[in-house]
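Please read the following points with the sequence and the model open beside you.

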Amino acid sequence: MNLEAFVLGSGGMMPLPYRCLTSVLLRRDGDLFLFDCGEGTQVSLRRLNLRWKKISAIFISHTHADHVTGLPGMLMLSSQVDRNEPLYIYGPPKIAEYVETSRRVLDMYINYEIIVREVSAPCAVHEGDGFYIRAFPLAHAKTCVGYALEELSRPGEFRPEAALALGVPRGPLWSELQAGKSVTAGGGATVEPSAVLGPPRSGRKFSFVTDTLYLSSIASEVRGSDLLVCEGMFAEDAAAQAREKKHLTARQAGIIARDAAAKRLALIHYSPRYSDRDLAVLRDEAAAVFPGAFLSRDRMTLEIPYED
């Protein structure tokens with residue numbers, strides 16, 4: 001089952017000619033989830049030729065303009081196609097008011113159901129086949145939340161030799177055992193899945209953190225992430241400004257990734273003061289603490305494979 005993240009925008013505060021505002025699309029087989037929806041989201045969706053009409057849920061961290069200005073356009077765009085499924089929008093207080101006011105003031109034509117749910121973190125906000133998405137509190141100038149998609153454990157690896165030794169012939173019964181069902185072997189004995197499966201295997205975890213002061217609690221929320229997408233808005237020489245504006249430095253993002261035992265850290269939400277050439281300082285400061293840190297770039301695709 002594929003799991004991949006698409007960076008639609010990596011900038012913060014204001015869009016630049018070469019950098020859209022923060023937005024990440026996560027695709028898990030047929031499920032598409034959008035995390036934040038900054039200005040330029042639609043442009044990157046088109047350039048990556050992604051099937052935006054299949055987005056089933058949008059997760060907003062907070063209602064500052066650089067995280068939601070792309071949302072009205074996305075809502076109107078979805079009315080240009082036949083859509084039978086509802087679109088869920090999750091976010092902290094004010095997101096429902098923002099959506100409703102935008103619809104009314106812009107006189108939007110919407111021909112599908114929009115379900116807005118305001119989040120009181122920490123809590124599970126969305127679930128599906130084999131996964132759930134959880135929101136957790138951050139500390140910003142207004143209520144802000146991070147999100148983590150976590151897959152449930154998978155069955156252990158199937159051992160064909162064990163099944164044959166127990167009298168279960170190759171064929172449909174093997175599929176039933178792999179699905180966790182007991183079967184009857186050729187001699188009439190009942191064979192339990194545990195007899196032919198290895199130990200359970202862990203699922204994958206994707207975490208999204210942006211616009212927050214450093215909190216030690218963030219590491220526990222994103223612990224074990226296969227991919228942590230985390231803001232690294234400022235370099236250390238602007239740490240005082242980061243604190244004042246309630247943002248993370250790149251080094252603090254690295255500390256979170258290190259303490260969370262994450263596998264990879266993709267920095268995002270860069271201050272416009274840094275040109276693309278200047279971003280190397282952010283990467284280097286994060287990587288000094290967490291070697292698995294790298295810079296996300298607009299329209300970058302990030303595969304999230306199984307560990308085994």
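1. E150 and K205 form a salt bridge, their closest N and O atoms being 3.8 Å apart, where a salt bridge is a side-chain nitrogen of Lys or Arg within 4 Å of a carboxyl oxygen of Asp or Glu. Because E150 lies in strand 9 (residues 145-151) and K205 in strand 12 (residues 205-209), the pair ties together parts that are 55 residues apart in sequence; strands (E, at least two residues) and helices (H or I, at least four) are DSSP runs, numbered from the N terminus. K205 is buried, at 7% relative accessibility, whereas E150 is partly exposed at 27%; buried means under 20% relative accessible area, exposed over 50%, and partly exposed in between, with a 1.4 Å probe and protein chains only.

2. Please keep in mind that this is a predicted model, in which local features need pLDDT of at least 70 and side-chain atom pairs count only at pLDDT 80 or more, while totals for chains, interfaces and linings use all residues. Residues are numbered from 1 along each chain as its sequence is written, and side-chain values use heavy atoms, with hydrogens and water left out.

3. A second salt bridge to look at joins the side chains of K263 and D226, at 3.5 Å from N to O. K263 lies in the loop between helix 9 (250-259) and strand 14 (265-268), and D226 in the loop between helix 7 (217-221) and strand 13 (227-231), so this pair ties together parts that are 37 residues apart in sequence. Here D226 counts as buried, with a relative accessibility of 7%, and K263 is partly exposed at 37%.

4. R258 and D259 also form a salt bridge, with their closest N and O atoms 3.0 Å apart. Both are partly exposed, R258 with a relative accessible area of 45% and D259 with one of 32%.

5. Turning to the sheet, seven strands form an open sheet in the order 6-5-4-3-2-1-16, with mixed pairing, and two strands pair if DSSP finds at least two bridges between them. Strand 6 (114-118) and strand 16 (300-303) stand at the edges with a single partner strand each, so one side of each is left without a neighbour in the sheet. Strand 1 (residues 3-9) and strand 2 (residues 23-28) run antiparallel and are joined by six bridges; within this pairing, E4 has R27 in strand 2 as its bridge partner.

6. Finally, V105 is placed in helix 4 (residues 95-105) and is exposed, with a relative accessible area of 61%.
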